[in-house]
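Hi,

Here is the structure I promised to send over. Have a look, and then read on for what turned up.

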Amino acid sequence: MDVIVRPTAALSGSIGALSSKNYTTRYLLVAALAEGTSTIYYPARSEDSDAMRRCIQDLGAVLEEDEEKAVITGFGKHPKNVKELNVGNAGAVLRFLMGIAALTEEVHFVNTYPDSLGKRPHDDLIDALGQLGVEVEHHGGRLPMTIRGGKPQGGLITVSGEVSSQYLSSLLFLTPLLEGDSEITVTGDLKSKVVIGQTLEVLEQAGIVIQASEDYSKFRVPGGQAYQAKTYTVQGDYPGSAAVLAAAAVTQSDVTIRNLSPDSKQGERAIIDVLKAMQVPLTHENNDVRVQGNGRLQGLEFDGDTATDAVLAMVAAAVFAEGTSRFYNVENLRYKECDRITDYLAELTKAGARVEERQSEIIVHGRPEGVEGGVEINAHYDHRVIMALTVVGLRASQPLRIKDAHHVAKSYPQYFDHLKALGANVEWVE
């Protein structure tokens, strides 16, 4: 389905932040890897987190869920041998489970999104698993693929961090369960280091011991460990909230988002500092973020590597800022559900924004007067692109029609419901 976004002068009201997708998928996985029963309070419900639910159950976990919590009895070190797994369009779920699949005899990962996840590369993780004696049959580093594992041994592992931190996270989930000790060396410039911090945080909560160098270039992982059954509480999601905050920043607004901890380790928490630097009236007190937007913003420069999933929303806000904004160190945006630099900027240009791309930069020449709109734009099956383009549509002179906007459900199924509750003029159309 498509969405039509019409110009909206003002937003007001209060919503609760979605539960974090990144923490939910990690908690679901460590609960499945534990012997015994774990409880996860306030887990996210989205296509990505549901993909992890589906796959861990296929691998032998027992999951019972109500509106407040998920109760999971894990399979420990012994996932069930299954013929195939379907991760949908969830790249992180695929990569995390590529590691865990090494504990089974053979798993085939199907390719149900050939135009999105099917195009994303996994070579670096495939190479690393090969160093553990795991055989991976693949198509040029892409789906579909078959993993033949069984009893991988620990040892010395080298993995590139140049494309994605998810490869390293996959190894960090797997190696504690191997018989021998492991030492992981990361080569190149590790992307999204802050997300590795989230992985290590969850592993520590699950009772796993890992020694990490300060720069995350080396990891010592004792083998023979066991995940412990625990109780977890999922915090509010900054990546999804970033788009709502950007929408409030570019309109006349009085919007509050609840349940966003100022102490969160989510790198996308930087959206708060970025909007403040853009001179957006904003307070963050008692887990509540309040934006009293006046539609006036100032351009800025920002290193986006620590806040990957909020950069597109920041760029959307910068479209309406005074002066030029520059978002650098963002090349890893090219390896997501779509090329979030070339593809996203092409659609912004259609809408009337003035933007330029470099290999690892997005440059925005602000248009405080607004953009023309009045066009149909393609979101390239990408939930973050959909949310960010919606922000731009609120300040366009003419409506924007966003194709296939239902893919927002990958991370934030309630996104358009929440925007409408705040007063946004958005409408689903066939």
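A quick definition before the rest: helices (H or I, at least four residues) and strands (E, at least two) are DSSP runs, numbered from the N terminus. This is a predicted model, where local features need pLDDT of at least 70, side-chain atom pairs count only at pLDDT 80 or more, and totals for chains, interfaces and linings use all residues. Residues are numbered from 1 along each chain as its sequence is written, and side-chain values use heavy atoms, with hydrogens and water left out.

Now the salt bridges (a side-chain nitrogen of Lys or Arg within 4 Å of a carboxyl oxygen of Asp or Glu). The structure holds 31 of them.

One sits in helix H10 (residues 342-351), where Glu347 and Lys350 are three residues apart and so separated by about one helical turn. Their closest N and O atoms are 3.0 Å apart. Glu347 is buried, at 3% relative accessible area, while Lys350 is partly exposed at 43%. Buried here means under 20% relative accessible area, exposed over 50%, and partly exposed in between (1.4 Å probe, protein chains only).

Another joins Arg326 and Glu361, 3.1 Å from N to O. Arg326 is in strand S21 (residues 324-328) and Glu361 in strand S23 (residues 361-365), so this pair ties together parts 35 residues apart in sequence. Arg326 is partly exposed at 26%; Glu361 counts as buried at 17%.

There's also a network of salt bridges that links Lys21, Asp48, Arg120, Asp309, Glu337, Arg340, Asp382, Arg384 and Lys410.

Cheers
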